[in-house]
There are 2 protein chains.
Amino acid sequence: MKSSLRCRRLLVVVLAAALAIGVRAAAQTDPLPSWNDGPAKTAIVEFVRTTTTQGSPQFVSPAERIATFDQDGTLWVEQPMYAQVMYCLERVPAVVKAKPELAQVQPFKTVMSGNREAIARLSMKDLEKILAATLTGMSTDEFRAEAKTWLETARDPRWKRPYTELTYQPMQEVLKYVRASGYRTYIVTGGGQDFVRVYAEEVYGIPPEQVVGTVGGTKYGYDKSGKPFLLKEPRLLLNDDHAGKPEGIHLMIGRRPRAAFGNSAGDRQMLEYTKAGDGPRLAMLVLHDDATREYAYGPAKGLPNSRVGTFPQSLYDQAGRQGWVLISMKNDWKQVFSFDK
Amino acid sequence: MKSSLRCRRLLVVVLAAALAIGVRAAAQTDPLPSWNDGPAKTAIVEFVRTTTTQGSPQFVSPAERIATFDQDGTLWVEQPMYAQVMYCLERVPAVVKAKPELAQVQPFKTVMSGNREAIARLSMKDLEKILAATLTGMSTDEFRAEAKTWLETARDPRWKRPYTELTYQPMQEVLKYVRASGYRTYIVTGGGQDFVRVYAEEVYGIPPEQVVGTVGGTKYGYDKSGKPFLLKEPRLLLNDDHAGKPEGIHLMIGRRPRAAFGNSAGDRQMLEYTKAGDGPRLAMLVLHDDATREYAYGPAKGLPNSRVGTFPQSLYDQAGRQGWVLISMKNDWKQVFSFDK
């Protein structure tokens, strides 16, 4: 073999290797592999790039990098019923066992009847009674243990999987991507703060101190052995929905978010508040327009539960006026769940 | 010169250099240079060492490393009056200017009189009226700007320095040391959450989201131009003192601290709650026993203001029973303030 030929062959091998590494590097550097190319993906990537590149006119100091995420319908499935409401309904038998007099009292009587249609027709006031009875009156440690056990055994009616597996893979990628870029990720949910804290660290990598939710008071006291504990009281401190979301953000974080993600009218004020700050701000809304892979509701037709995920035309209009970016589940997401192939 | 001699000289030079480096390294590695050797310093260093050394039976995972610090009397001077109360009293003229009808109404009339003795005699109820009038009724942004301006210009009556310079150097070292060891440091104060957030990041390196304090509700609304803002309301959500401290810790952090520092009866429940957890826990109390360099009060004689820093005998007794470690300002601290020489 002539030396020039050997040399050329070597060059080919080296180039091929370089190309392979290059391709692998490019694949590794797509931070959002479950997203199709399009305006939503571009908005996220561009926001992160411009706010974290030193010298960029849009640069945001690490201390100011706060991103907030609604949970139900934004990070995981909220239909046909919020997981936490399922928890409360399924806790009712245990509550009735402890207080048998409730068996004949509404709305507990209806829940105990097992009549799904009657349960679905319960009023907000009835649901509040059920929430108070199942989420308060125990210590924070007891509540945590009960909710943890339930989450391990309960199954969603459609996918027959634990609720904690029904998180959206593309949103999990957003959480990881913005965290890797120095953003602190917070859940800001209308759901119960203590409930979401039970699993948020394991499921989303979000620690308890970064969960902002609807929250009641606790009362410090001592058990019979003199050991201190916190009793969960039926005393609302914050209803972390609608206007309560920016109020909760101020209470718990004390800084205006740089990025906020929601999916319904309950997130309107959080997105407004986020976008009203100076400098670069990102506001995004997940649209549930995929009846095949998930559900179509809100602005789409075929609402499974009219109480959940309301999305009036005015929210659409405001998104357009204020530069909020819409995420179409159908078009923007290659994959919805981690268990989709 | 014989080669063995040259060799020996070289050895001496190398040893001397090594020794110099060693001494410098030892000086650099004392994380608490303003502390005298003694049980308090040892307790802190041992706690950090055993909870952060991989393989130690006392090892605490990074996620669980939470340390909470009372502020007034623990991180900075609280005598003769809490800085925030000084702020409120000094804001009264501006409030009266905006609402002239208050000039003839108590307790505003007394404050406007400038009679220091009469002001010192104001009841808690009167002080609460002053706090409500000066800390609420404006937007969170307006409040922040007002408090910031005051902090830049106000001077402590004894040292004639900005209040923000009256932090304890030894405690600043503890904050930095435990943070360098992976602990997240929180302020847990009876003072106003929004007030302390104004300076905590600059003064203590503690960001707004890690300040837990007494906190009122806010109300989300829009100004004339349609821009959203949060109005500070006179509606108490949490009185973050005594039993309110563990309640506030649960609300804002959602984890039991591994270490807690206080100085008065208002910190009792926070220290109890901290020590009641499993595994290694550190609870410490600063004793104000240094009338020369700071003040002597609480368990010591000569209380300047009986409203501030109460320290009953029962707290002393409980510290002994529950293994809380006392910090004697007089004996444990080489230096009190950064401006001490």
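**View 1. Arg184(A) meets Glu209(B) in a salt bridge.** Here the closest N and O atoms sit 2.7 Å apart; a salt bridge is a side-chain nitrogen of Lys or Arg within 4 Å of a carboxyl oxygen of Asp or Glu. Between chain B and chain A the count comes to six salt bridges. A quick note on the model: it is predicted, with local features needing pLDDT of at least 70 and side-chain atom pairs pLDDT 80 or more, while totals for chains, interfaces and linings use all residues. Residues are numbered from 1 along each chain as its sequence is written, chains are lettered from A in the order in which they are written, and side-chain values use heavy atoms, leaving out hydrogens and water.

**View 2. Chain B against chain A: 36 residues of chain B touch 36 residues of chain A.** Contact here is heavy atoms within 4.5 Å. About 3,000 Å² is buried between the two chains, 52% of it from carbon and sulfur atoms (accessible area, 1.4 Å probe, that two parts lose on being put together, summed over both). On the chain B side, Glu209(B), Tyr220(B) and Leu251(B) give up the most area to chain A, together 21% of what that side buries.

**View 3. Chain B can be laid on chain A by a turn of 180°.** The shift along the axis is 0.0 Å and the RMSD is 0.0 Å, superposing by least squares on the C-alpha atoms of residues with pLDDT of at least 70 in both copies. The two copies are thus related as by a two-fold rotation axis. Both use the same surface, with 100% of the contact residues of chain B turning up again in chain A.

**View 4. Trp35(B) and Trp333(B) pair up edge-to-face.** Their ring centres lie 5.9 Å apart with the planes at 75°. Rings of Phe, Tyr and Trp (its six-membered ring) pair if their centres lie within 6.5 Å; planes under 30 degrees apart count as stacked, over 60 as edge-to-face and the rest as tilted. Over all chains, the structure holds 36 aromatic pairs.

**View 5. A cis peptide bond runs from Gln79(A) to Pro80(A).** Omega is near -5° there. In chain B, Gln79(B) and Pro80(B) are also joined by a cis peptide bond, with omega about -5°.

**View 6. Lys160(A) has a positive phi.** The angle is about 55°, although this residue is not a glycine. Most residues other than glycine have a negative phi.
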